[in-house]
Amino acid sequence: MFFNKKEESTSSPICVLPVLPLRDVVVFPGMVVPLFVGRDRSVKALEAAMRDDKTIFLVSQKDAQQTNPEPDEIFHFGTVGNIIQMLKLPDGTIKVFVEGKKRARIVRFVQTDTFFSVELELLDDYADCPDYEMQALVRGVKNTFADYVTPEKKIPQEFAGSVGTVNDPGRLSDMIAGQLAFNIQEKQYLIECLSVNRRMERLVEVMQSEIEIAEIENRIKDRVKKQMEKTQKEYYLNEQMRAIQKEMGEKDDIRSEIAELEDQITKKNMPEEAEKKARKEIRKLKYMAPMSAEATVVRNYIDWFLALPWNTLSESTPSIDEAQAVLDEDHYGLKEVKERILEYIAVQTLTQDTKGPILCLVGPPGVGKTSLAKSVARATGRQFVRISLGGVRDEAEIRGHRRTYIGALPGKIIQSMKKVDTINPVMLLDEVDKMSTDFRGDPSAALLEVLDPEQNHSFNDHYLDVDYNLSRVMFITTANTLHGIPLPLQDRMEMIRLPGYLEPEKLRIADRFLIPKQIKANGLDPSLIKFSQKATLRMMRRYTREAGVRNLERQIAKVCRKVARQIVTGIVETPIIVDSSNVPQFLGVPKFRYGVKEDQRRVGIATGLAWTETGGELLIVETVIMPGTGKLIVTGKLGEVMQESAQAALSYVRSRTFGIALGEEFFNKVDIHIHVPEGATPKDGPSAGITITSALMSALSKKPFPNDLAMTGEITLRGRILPIGGLKEKLLAAKRGLVSRVLIPKENEKDLREVSKNVRKGLEITTVDHMDDVLNIVFPDISNTVLPKQQIESETARHLEQ
């Protein structure tokens, strides 16, 4: 008989009953339970119930460890029960059988002295779902309970059979809940839930969860059992094989293999620590089952010791002249790097116990950093190995994993040493500025030991766990910029900058290296295609914009491919001459403007010099004065430093323009907009300070900025000009942009010695240390109207007073 759907439960009149607090037990209606009672309050509650009508309220206490619970430590929902039988035991405790009758809720405590007596509200179950849904729940609960019942659950078979005959939903849910091994909180929820369908849904969820856990436990047991059987079988068969070999007089292969390993260790001439470690592992291997997983791990570990070079050196040491010839053959220019390598060879000739240098080649992409490292290895007669560090974020990539991990291996350093089989190779650590850090560690910190000449003689890889000597390795690292390399790591390397190539240098590189290489790579006969210097120059200027030659090589390769197609299809038969006029036929419309300096003098537009990762660039700064409210607008995707330079430039200009008839309220009535073109490209740095200042002065004075002049320098509020970096790259940009005059900070005058004559040729370079010097050069017509330095403070103070 199913319940009618109701919105809330009905309750019977309130009654008063003694309370029996229970520990770790929840009694459901219809459930007969034996209880052992020994606490005074509980005994007195039972006696009071026996004196009356044997009815008592059974409720669980919140903390089972509490001996004398207080009213607030007892749940408010429980079951009204009848005492069926009570028996006093010899030890003073009472064994009592009780039967749950009906759910009830405590309204208030009537007595708490000798025992608890409470006023109760009897509660009725209700259903809040249709009959057909309740029927489905009844079937679901029975089916799930049938799956739940297993021999391990220790549920009587007669009880399991009786469940199938019960159709009353409330009675069915209480019967099953009383037999399930749930925790006290779960059972208390079922007691407090008066909705029969919700109780049954919760029962299905909990039983299903228990079934899944039991299945997982069984799978684990089966897997462990099979593994144990397999291991025992392998051990038994191995012992049988040994016995058979012994009877037949055959040699024990395992013992023979171990003896061979010991002999190899003796011949390897390892350091004492490494040899001691290897022999210890061999002793462990002797007592292991050959086919066990641990024996495989130990054997791999020993193999790494035997595969590494411990004392093997590259014998070839070329003379300085031979090394010079190799370096010049592979690369044009790069004088500083070549000199450093030749110095090392000279020192190595005089002393055999020299440590390998640690060089860091810093320069824009395409200038030949990676290929130069290969040439260094060839010039010094050493093996070459390259490790790419771009995107590496795990310290274990450098130092390896500890052997406790499955599939552990040494780091890339030790793996590379095994690959070259010599202790003095040239090791290239490529893109060292592009490593990153995450929760697995900092690989750049692990490199501190590798690249420290005072420490790398005892490099400790986590996998090997012994010291390995890296002091004879020549480390060469490459980077595009220094800001991605931590300062402690920079301190351990000798920095060698590779600036961008000049156009004459690019022409020679193309003629000597790139063009012959691409003609051969595309299967062409050198007699079928010729490149004129004007064609190469046009490709450099109009189809590439880079400090190196990588994109230039791509354009040459593209021309060669198109020529190859024409030859194969029979379009042409005679040799093809690639000159300036027919380059667009092969490469299409030019992609870049060459020489971006302004074609004429303009007001409010100044030309600066900027450094980028691809080399130097001309930087155009545009300024417009318009009616407004005194705002400064800065656009062009400028970084914080460059925006602050613009603010500093404006403050300086406002302090220096009292000699120009602008009016004291001029800056409050106009807006100043400063824009740097190519707005999609991020720009930052302080070196555009004097350029922005000059553009502002040009716009305010209506005087045009010279179009043959470019400048670079950081400005202070007092007008001082501070030094900048990347001078050579900036001068290269000025030369490419057909600028004839360049202004640089006075403190950078010393850096001109490192700039070749070919770069300086054709450039009129002027050094300046104050903005007044710049204004005298850029705007000679208005320089007399600008207040001299000594009058700034007094004039500014007078203006502020007014």
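A residue is called buried when its relative accessible area is under 20%, exposed when that area is over 50%, and partly exposed in between. The model discussed here is predicted.

By this definition, both Arg399 and Glu449 are buried. These two residues form a salt bridge, in which the closest N and O atoms are 2.7 Å apart. The pair links distant parts of the chain, for Arg399 lies in helix α13 (residues 396-399) and Glu449 in helix α15 (residues 443-450), 50 residues apart. How many salt bridges does the structure hold? The total is 31.

A second salt bridge joins Asp433 to Lys434, with 3.3 Å between the closest N and O atoms. Are its two members buried or partly exposed? Asp433 has a relative accessibility of 10% and therefore counts as buried. Lys434 has a relative accessible area of 36%, so this residue is partly exposed.

A further salt bridge is found between the side chains of Lys746 and Glu749, where the N to O distance is 3.5 Å. Lys746 is partly exposed because its relative accessibility is 41%. Glu749 reaches 39% and is therefore also counted as partly exposed. Elsewhere, salt bridges that share partners join Arg103, Asp125, Asp174 and Arg199 into one network.

Glu272, Glu273, Asp465 and Asp467 form a negative surface patch. Residues in such a patch have over 30% relative accessible area and no salt bridge. One of its members, Glu273, belongs to helix α8, which covers residues 272-286. With a relative accessible area of 42%, Glu273 is partly exposed.

Which residues does Glu192 contact, leaving aside its neighbours within four places in sequence? The contacts of Glu192 are with Phe75 and Phe77. As for the span of the chain, Glu192 and Leu700 are separated by 508 residues in sequence and by 84 Å in space, C-alpha to C-alpha.

Several loops complete the description. Thr716 is placed in the loop between β23 (714-715) and β24 (721-722). Thr716 is buried because its relative accessible area is 18%, a value that falls under the 20% limit. When neighbours within four places in sequence are left aside, Thr716 is in contact with Tyr652 and Leu722.

The loop between β19 (632-635) and α21 (640-656) contains Lys637. The phi angle of Lys637 is near 55°, which is a positive value in a residue other than glycine. Lys637 has a relative accessible area of 48% and is therefore partly exposed. Leu738 occupies the loop between α23 (727-736) and β25 (741-745). Phi of Leu738 is near 60°, again a positive value in a residue other than glycine.

Conventions: Residues are numbered from 1 along each chain as its sequence is written. This is a predicted model: local features need pLDDT of at least 70, side-chain atom pairs count only at pLDDT 80 or more; totals for chains, interfaces and linings use all residues. Side-chain values use heavy atoms; hydrogens and water are left out. Patches are made of residues with over 30% relative accessible area and no salt bridge: like charges are joined within 9 Å, nonpolar side chains (Val, Leu, Ile, Met, Phe, Trp, Tyr) within 5 Å. Accessible areas come from the Shrake-Rupley method with a 1.4 Å probe; for residues, only the protein chains shown count as cover. A salt bridge is a side-chain nitrogen of Lys or Arg within 4 Å of a carboxyl oxygen of Asp or Glu. Lys and Arg count as positive and Asp and Glu as negative; His and the chain ends are not counted. The place of a charge is taken as NZ of Lys, CZ of Arg, CG of Asp or CD of Glu. Helices (H or I, at least four residues) and strands (E, at least two) are DSSP runs, numbered from the N terminus. Buried means under 20% relative accessible area, exposed over 50%, partly exposed in between (1.4 Å probe, protein chains only). Contact means heavy atoms within 4.5 Å.
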